[in-house]
Amino acid sequence: MTKKRNTVFITMDPTALPARSTKGWEYLLPCDEVEVTLPEGDTLGGLILDGMSDGSGVWVYLDGVGKRFFNAEQNVEIIAVRKVARPEI
């Protein structure tokens with residue numbers, strides 16, 4: 001029988017955290033309706049097309065603009081306003 005050992009890492013530097021810790025984009029699924037707030041302050045409606053599994057970026061179809069890719073380093077806020085049904089796991 002082998003013993004399992006858990007390791008806990010503690011950091012005091014919030015910039016060292018992975019992008020998904022602050023954005024939460026890995027929980028967005030294709031066809032989720034979203035509101036995207038751009039750095040200029042404009043808020044646009046859109047639809048999630050695809051996303052990186054680690055939450056580092058998403059493809060969004062923005063109403064009146066077209067398809068755009070946003071990465072976690074950009075100062076963009078994406079909020080789901082209507083989510084598609086989530087699969088039972």
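Start by selecting L47: this residue is partly exposed, with a relative accessible area of 31%. Partly exposed sits between buried (under 20% relative accessible area) and exposed (over 50%), using a 1.4 Å probe and protein chains only. The model is predicted, so local features need pLDDT of at least 70 and side-chain atom pairs count only at pLDDT 80 or more, while totals for chains, interfaces and linings use all residues. Residues are numbered from 1 along each chain as its sequence is written, and side-chain values use heavy atoms, leaving out hydrogens and water.

**Stop 1: the strand around L47**

L47 belongs to strand β2. Strands (E, at least two residues) and helices (H or I, at least four) are DSSP runs, numbered from the N terminus. Now find the partner of L47. Its bridge partner in β3 is Y61. Keep Y61 selected and look to β4: there Y61 has K67 as its bridge partner.

**Stop 2: the whole sheet**

Show all the strands. The open sheet has 5 strands, in the order β4-β3-β2-β1-β5, with antiparallel pairing. Which strands stand at the edges? They are β4 (66–71) and β5; each has a single partner strand, so one side of each is left without a neighbour in the sheet. On average, neighbouring strands are turned by 40 degrees against each other, direction ignored. The angles compare axes, which are lines fitted to C-alpha atoms (for helices, over the stretch in contact); they run from 0 to 180 degrees between N-to-C directions.

Next, step through the pairs. Two strands pair if DSSP finds at least two bridges between them.

- Select β3 (residues 57–62) with β4: they pair over 6 bridges, antiparallel.
- Select β2 with β3: this antiparallel pair has 5 bridges.
- Select β1 with β2 (residues 43–51): 5 bridges join them, again in the antiparallel sense. Here V34 stands opposite G46 in β2.

**Stop 3: two turns**

Go to G41. It lies in the hairpin of β1 and β2, which has 5 residues between the strands, and takes a positive phi near 100 degrees. Then go to G55. This residue is in the turn of the β2 and β3 hairpin, with 5 residues between the strands, and has a positive phi of about 80 degrees.

**Stop 4: a nonpolar patch**

Select L47, L49, M52, W59, Y61 and F69. Together they form a nonpolar patch on the surface, with about 510 Å² of accessible area. Areas come from the Shrake-Rupley method with a 1.4 Å probe; for residues, only the protein chains shown count as cover. Patch residues have over 30% relative accessible area and no salt bridge; like charges are joined within 9 Å, nonpolar side chains (Val, Leu, Ile, Met, Phe, Trp, Tyr) within 5 Å. Both β2 and β3 supply at least two residues of the patch.

**Stop 5: the salt bridges**

How many salt bridges does the whole structure have? A search finds 2. A salt bridge is a side-chain nitrogen of Lys or Arg within 4 Å of a carboxyl oxygen of Asp or Glu.

Select R86 and D32. Their side chains meet at 2.9 Å, N to O. R86 lies in the segment after β5 (77–82) and D32 in the loop between α1 (20–23) and β1 (33–37), so the pair ties together parts 54 residues apart in sequence. D32 is buried, at 0% relative accessibility, whereas R86 is partly exposed at 32%.

Finish with E33 and R82. Their closest N and O atoms are 3.6 Å apart. E33 is in strand β1 and R82 in strand β5, so this pair ties together parts 49 residues apart in sequence. E33 is partly exposed at 34%; R82 is exposed at 54%.
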